[in-house]
Each structure stands twice: as structure tokens, then as C-alpha cells.
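Open the structure in your viewer and keep the selection tool at hand. Each stop below names something to select and says what is there.

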Amino acid sequence: MKTRQLGAKGFDVSEVGLGCWQLGADWGSGVARDIGLEILTTAATHGVSFFDTADVYGAGRSEDMIGQFLKHWDGAPIRVATKFGRGPDVYPDGYSEDALRRGVEASRERLGVEALDLVQLHCIPTEVMRQGEIFDWLRKLQDEGAIRHFGASVETVEEGLICLEQEGLLSLQVIFNLFRQKLVTELLPQAAARGVGIIVRLPLASGVLSGKFNAQTTFDAKDHRNYNRDGAAFNVGETFSGLPFEKAVELAEALKGMRPEGMTLAKMAQRWILDHPAVSTIIPGASAPDQILRNAAASDVTPLPKALHEELAAFYAAEIKDHIRGAY
């Protein structure tokens, strides 16, 4: 597993991290605690040194499970990023310094750490980002030693650019994949110029870029790929990157024809992201330990040829971008 530095003033992270929403049993079938701990152990054993979670994943269940794992892990250091801002006590208009302090303290307790490595604002309203006061509160917590770094998870390029104006911002977490290429020219260069690291969520577009789905694939009623496929519950861009499911499957099939010989669609999709130097890490989820091994292998894949990058960019422009729904 190769590593990169998260931002100009951050810490080293594995190129492939682990998204830990599934440990919270939200937005799909949750994993049992013993399987969750096995997933975390398998990831850490195979060089995955960056876990991404949030206080609302299972109302703290994900953080608690990671904290339980960290108590017994004696291998290479693991960096944990969590998030604040989507809890029912604050979203969408209840943000205050006291609420942030309570949230940070609760996350520290569940994770069992003295200071949080990275706290990210969790897709909070654009206007709250624009007002900027919440970043002042984060800087206070950083000065006090409760958090080491802060960043923001955003839905749109506009929100990313707003956050980039904030002094001390370490990272942006974004949706970026073969279906969501606008960031290549509109956000990544600006982030790199400011020394802000990029954490990529949904690198496989809710799994459709694994190439394993077809138009008849169904999902559990509790899975966001069922109930949010058209944005009924939250931003549609978080599910299949905003594409209608049938169209996403059709496009994934077309992308299979562009793969280098012997490469899976998933590996091409993840390698494509890692080929962008502004990216620090990708954070695919995993509901079983064997998925960790497949995802981690993307770090060892040879960079894609320039001609393929050009072909994929042209395909996005001609076939994909006009079908994307939701904030972008």
C-alpha cells in the first residue's frame, strides 16, 4: 500500500482508505459487530491506515466500533477522520459553538482518543459554510488541542471553493469518480494550489462502477440504493453519483469496453481517481473482509495511459454529464 500526505500540513494516509458508514448500519444492511471488527483488522493489516466515519453513522455506532478496534490494535498507526453537522440536533439550522463542542467531545469519547485527527463538516448547508463562523469555532478547538485538523465534506464545486477560502482547512471530501469528472478542472487545481488534500468518497458510485450490477439488480428496502435512488431522502448525488440507476448500469457496461487488458472495471475506476495528484486518498466502503483486499489492490495498479484518460474524459463529456441529477 502506497501512502500520500493529506494536504500540505497534514499526515500520511494510505492511498486507499476505508469508508466506515456501513459499520453504523445506516443506508443499508448493517454488519454485525464481529464482522465489523474483522473488516477493520483486515484493512489495517493490509496497510489501510485511514478510516473515515461520522458521528451520525448509526448514532455513534461506527465511531464506537472503531474505538473498540483501536484499543486492541498494536500495529502501524491508524488515522481516523470523523464528521460533524448532520445530527438532528443541529441540521439544518441549529449550529452553535456549544453544539460543536459537545459533538467533538462525544466523538473523542467514542473513539477513545485525546484529540481527533480530523473533524470534517458533514455536508452542512451552503449558507452556513459561506457565513464562516463555524470555521472560527473549529480553529478554537484546534488551538485548545481537542482536534488536530479540520476539513469539510461537500456536495458541490461551489461549496468546495467556499471552504478553500478558510485559513487552516486541511482537506475536502468530495464525490469524484468516472461519472463525476467536473472536479478535474473546476476544483482539484484550486485545492492543490492551496495545499488542501482531497478525500474521495463513492469512488465506485455506490457500487455500480464495480461492474457487477445489471438493470434487474435490486436492493434491500433499507439500502439507500433503493429508497434514495431518485433523491427522496437526501441529495440524489450520493446515490449512483446522481445518475438514474438503469443509465448508470448502461454506462458502466460501456466503460468495460475501455479497460486495459486484464483489468477489472473497479480497478480502472479507482486507478483513474488515484492518477490525479491532487487526490490524497479514496475511501471505498466494505461490508466484508474480502472487499478490503480487492480495493487495496488499486494502490498497486500501474497508472492508466494518457490516451485512456483522454478517452474517458471524452466519454464523460459526450455520454455522462447531461444525465447527472442533483447538486454538483
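This is a predicted model: local features need pLDDT of at least 70, side-chain atom pairs count only at pLDDT 80 or more; totals for chains, interfaces and linings use all residues.

Stop 1: Colour the strands β3 to β10. These eight strands form an open sheet, in the order β3-β4-β5-β6-β7-β8-β9-β10, with parallel pairing. Which strands are at the edges? They are β3 (18-19) and β10 (279-282), and each of them pairs on one side only.

**Stop 2: strand β5.** Select residues 79-84, which make up β5. Five of the six residues of this strand are buried, so β5 is largely enclosed by the rest of the structure. On one side, β5 pairs with strand β4 (residues 50-52) in the parallel sense, over three bridges. On β6 (residues 118-122), there are four bridges to β5, and the two strands run parallel.

Now pick single residues in β5. Ala81 has Asp52 standing opposite, and it also stands opposite Leu118 in β6. Thr82 stands opposite Val119 of β6.

Stop 3: Together with β4 and β5, α2 makes a right-handed β-α-β unit.

**Stop 4: helix α6.** Select residues 157-164. This helix, α6, packs on the sheet and touches β7 (150-153) and β8 (169-175). The direction of α6 makes about 175° with that of β8. Is α6 mostly covered or mostly uncovered? Mostly covered: six of its eight residues are buried. Show Val157, Glu159, Gly160, Ile162, Cys163 and Leu164, the buried residues of α6. These residues pack against β7 and β8, and against the helices α4 (126-131), α5 (133-144), α7 (183-186) and α8 (188-193).

**Stop 5: the core.** In soluble globular proteins, nonpolar side chains tend to be buried together. Here the largest nonpolar core has 95 residues. Select Leu18, Leu40, Phe51, Leu172, Phe179 and Leu255, which have the most contacts inside this core. Helix α11 (residues 265-274) gives the most to the core, with seven residues.

Zoom in on Phe51. Leaving aside neighbours within four places in sequence, Phe51 is in contact with residues including Leu18, Leu40, Ile66, Phe69, Val80 and Ala81. Arg79 is also among its contacts.

To finish, select Leu118, Leu170, Ile199 and Ile283. They are among the nine residues of a second, separate core.

How values were computed. Residues are numbered from 1 along each chain as its sequence is written. Side-chain values use heavy atoms; hydrogens and water are left out. A nonpolar core is a set of buried Ala, Val, Leu, Ile, Met, Phe, Trp, Tyr and Cys residues joined through side-chain atoms within 4.5 Å. Buried means under 20% relative accessible area, exposed over 50%, partly exposed in between (1.4 Å probe, protein chains only). Contact means heavy atoms within 4.5 Å. Two strands pair if DSSP finds at least two bridges between them. Axes are lines fitted to C-alpha atoms, for helices over the stretch in contact, and angles run from 0 to 180 degrees between N-to-C directions. A crossover is right-handed if, with the strands pointing away from the viewer, the path from the first strand over the helix to the second runs clockwise.
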